[in-house]
Amino acid sequence: MYVYNKATITAIATDDYKIASTELTVNGNKVETDENNQYVFTTDVAGTYPVKFVATDMSERTAEKTLNIVVREDANKPYISSLSDKTV
């Protein structure tokens, strides 16, 4: 993923009865779902971000999964090779 791009995170939880709630955090911050009920993460800072997904069932038992998202600077951004001041 590159800076300013959106990362759509699909997280699916199942249970033999019913899932009561789910929560996804990136770098400790809760991520809301979009209109398609998917989690969307955007940042303007390159780095590695820990992602944690927690599902809770109706009996209040929880399961969690973690991973890292790596955000890089855009390799295709414009490049300026030199710039100098000139007096005319």
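In the protein, 60% of the contacts (heavy atoms within 4.5 Å) with a separation of 6 or more join residues 24 or more positions apart. This is a predicted model, in which local features need pLDDT of at least 70, side-chain atom pairs count only at pLDDT 80 or more, and totals for chains, interfaces and linings use all residues. Residues are numbered from 1 along each chain as its sequence is written, and side-chain values use heavy atoms, with hydrogens and water left out.

**View 1. The open sheet has four strands in the order β3-β2-β5-β6**. Strands are DSSP runs of E with at least two residues, numbered from the N terminus, and two strands pair if DSSP finds at least two bridges between them. The pairing in this sheet is antiparallel. β3 (29-30) and β6 (62-71) are at the edges, each with a single partner strand, so one side of each has no neighbour in the sheet.

**View 2. Strand β5 pairs with β6**. β5 covers residues 47-57, and its antiparallel pairing with β6 runs over 10 bridges. Phenylalanine 53 stands opposite lysine 65 in β6.

**View 3. Aspartate 57 is a buried residue of strand β5**. Its relative accessible area is 6%; buried means under 20%, with a 1.4 Å probe and protein chains only. A polar atom of the aspartate 57 side chain lies 2.9 Å from the backbone nitrogen of arginine 61. Leaving aside residues up to four places away in sequence, aspartate 57 touches Asp15, Lys18, Ile19 and Ala20. Across the protein, buried residues make up 22% of the 88 residues.

How values were computed:
Buried means under 20% relative accessible area, exposed over 50%, partly exposed in between (1.4 Å probe, protein chains only). A polar contact is a pair of N or O atoms within 3.5 Å; within protein, one must be able to donate a hydrogen and the other to accept it, and residues adjacent in sequence count only if both atoms are side-chain atoms.
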